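Dear colleague,

Here is the structure I said I would pass on. My notes follow below it.

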Amino acid sequence: GQRGKGYGAEAIRLILNYGFKTMNLHSINLTVHADNIVGINCYRKVGFREVGRLPETIFINGKYVDKIYMSILENEF
């Protein structure tokens with residue numbers, strides 16, 4: 001498989017670079033389900049931080065999971 005090779009983090013860095021440099025954005029935000037540990041770790045690796053969460057917002061695989069809000073500012077990238 002391709003997991004753990006850094007491709008996801010590099011793809012996110014390219015998107016952030018485009019958003020901050022080309023589109024002149026000041027902040028970029030996302031939501032992720034709390035059970036997506038690989039995704040959360042990848043977002044943290046490139047500089048995103050958790051800014052909030054909605055508890056038990058979505059029902060996945062027989063249980064409710066939180067929706068996590070993450071954000072990164074241009075000067076944090």
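Predicted model: local features only at pLDDT ≥ 70, side-chain atom pairs only at ≥ 80, totals over all residues.

The fold first. There are 2 helices and 3 strands in the chain, and from the N terminus on they follow the order α-β-α-β-β.

The strands form an open sheet of 3, ordered S1-S3-S2, with antiparallel pairing. Strand S1 (27-33) and strand S2 (49-60) are the edge strands, each pairing on one side only. From one strand to the next, the twist averages 20°. S2 pairs with strand S3 (residues 63-73) over 8 bridges, in the antiparallel sense. Within the sheet, Glu 50 stands opposite Met 70 in S3.

Helix H1 (residues 7-22) lies across S1 and S3. Relative to S1, helix H1 runs at about 150°.

Some totals for the chain:

- The C-alpha atoms fill a box of roughly 40 × 30 × 15 Å along the principal axes.
- The chain has 77 residues, of which 26% count as buried.
- The accessible surface is about 5,300 Å², and 53% of that surface belongs to carbon and sulfur atoms.
- Among contacts with a separation of 6 or more, 58% are between residues 24 or more positions apart.

Regards

Methods
Residues numbered from 1 in each chain as written. Heavy atoms only, no water. Helix = DSSP H or I, 4+ residues; strand = E, 2+ residues; numbered from the N terminus. Buried < 20%, exposed > 50% of the residue type's maximum accessible area, 1.4 Å probe, protein only. Contact = heavy atoms within 4.5 Å. Areas by Shrake-Rupley, 256 points an atom, 1.4 Å probe, with all protein chains shown as cover. Pairing = 2+ DSSP bridges. Axes fitted to C-alpha atoms, helices over the stretch in contact; angles between N-to-C directions.
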